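Please keep the sequence and the structure in view while reading.

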Amino acid sequence: MGTVHNAALRRSFRTLLVVCCGFGVTLGILNAYDLKTMLSFYTEQSNMLVFVVFAVLLIRDFAGLPIDGRIWRILKGMTTIGILLTMIVYQFILRPVLTAEGVILKLSVHNLIVHLITPLLVLIDYALFDPKGSFRWTDPMLWSLFPIAYISYTYIYIGMGGRYWLSQILSFDYPYFFMDYKTLGWPLFFGLMGALLAGYFAACYLLVLLDSRLVRGRRAKM
């Protein structure tokens with residue numbers, strides 16, 4: 001698959017992406033019982049990363065500034081894999097576990113945007129507009145700085161007495177069940193976190209492999 005070089009189409013699509021992502025984040029903030037709690041979930045932080053990166057790219061694009069340097073490719077890769085992690089974990093881990101426990105998940109506009117629509121728009125943006133073959137095999141190490149920063153922030157937040165308030169009477173010690181080592185116990189905790197880590201890097205290297213194969217396929221047709 002080749003890169004689409006139509007500037008008008010790229011700007012229009014990324015404007016849609018920024019508006020949609022910003023709307024989803026805003027809905028989450030407006031409907032949050034506790035703002036600090038809302039902003040402490042990985043979902044919101046990954047969506048805010050998407051909003052900031054794409055908003056800056058869009059501004060630079062309209063201003064005629066470069067949007068394809070090495071730094072931007074690293075940031076785009078980090079953003080793409082970070083938001084895809086949000087979608088995958090929610091759809092295939094959190095939803096099944098919470099549903100099995102009898103928790104009713106509301107199909108709200110906010111939920112739909114931050115967990116599905118924004119991740120898919122970011123993936124489509126990569127497929128259409130990113131130059132293929134630009135990722136390096138060392139890039140996943142740099143991309144992992146975002147989830148590592150989130151995990152570090154979470155345990156610092158909890159260590160300082162922070163809780164996750166969903167209502168006046170409902171709160172949790174941890175944002176996600178697989179981070180709760182006290183309830184899980186150390187063996188299960190390390191097992192789950194190890195599986196998530198392995199899955200994360202597998203997804204990262206799959207994206208790098210796909211990226212390299214796409215550019216090879218295009219060269220073979222030339």
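Let us begin with two residues in the interior: R14 and D125 are both buried. The model in which they are found is a predicted one. For D125 the relative accessible area is 0%, and because buried means under 20% relative accessible area, this residue falls within that class.

What do the side chains of R14 and D125 form? They meet in a salt bridge, with a distance of 2.8 Å from N to O. R14 belongs to helix 1, whereas D125 belongs to helix 5, which covers residues 109–129; the pair therefore ties together parts that lie 111 residues apart in sequence.

K76 forms a salt bridge with D125, and here the closest N and O atoms are 2.9 Å apart. This pair links distant parts of the chain as well, since K76 lies in helix 4 (residues 70–100) and D125 in helix 5, 49 residues apart. K76 is itself buried, with a relative accessible area of 4%.

These contacts may now be viewed together. R14, K76, D125 and D130 are linked in a network of salt bridges. Over the whole structure, a search finds nine salt bridges.

A further example is the pair D61 and R11, whose side chains meet in a salt bridge at 3.4 Å from N to O. D61 lies in helix 3, residues 42–62, and R11 lies in helix 1, residues 7–31, so the pair ties together parts that are 50 residues apart in sequence. Are these two partners buried or partly exposed? D61 counts as buried, at 5% relative accessibility, whereas R11 is partly exposed, with a relative accessible area of 26%. The reason for the two labels is the cut-off: a residue is buried under 20% relative accessible area, exposed over 50%, and partly exposed in between.

How values were computed. Residues are numbered from 1 along each chain as its sequence is written. This is a predicted model: local features need pLDDT of at least 70, side-chain atom pairs count only at pLDDT 80 or more; totals for chains, interfaces and linings use all residues. Side-chain values use heavy atoms; hydrogens and water are left out. A salt bridge is a side-chain nitrogen of Lys or Arg within 4 Å of a carboxyl oxygen of Asp or Glu. Helices (H or I, at least four residues) and strands (E, at least two) are DSSP runs, numbered from the N terminus. Buried means under 20% relative accessible area, exposed over 50%, partly exposed in between (1.4 Å probe, protein chains only).
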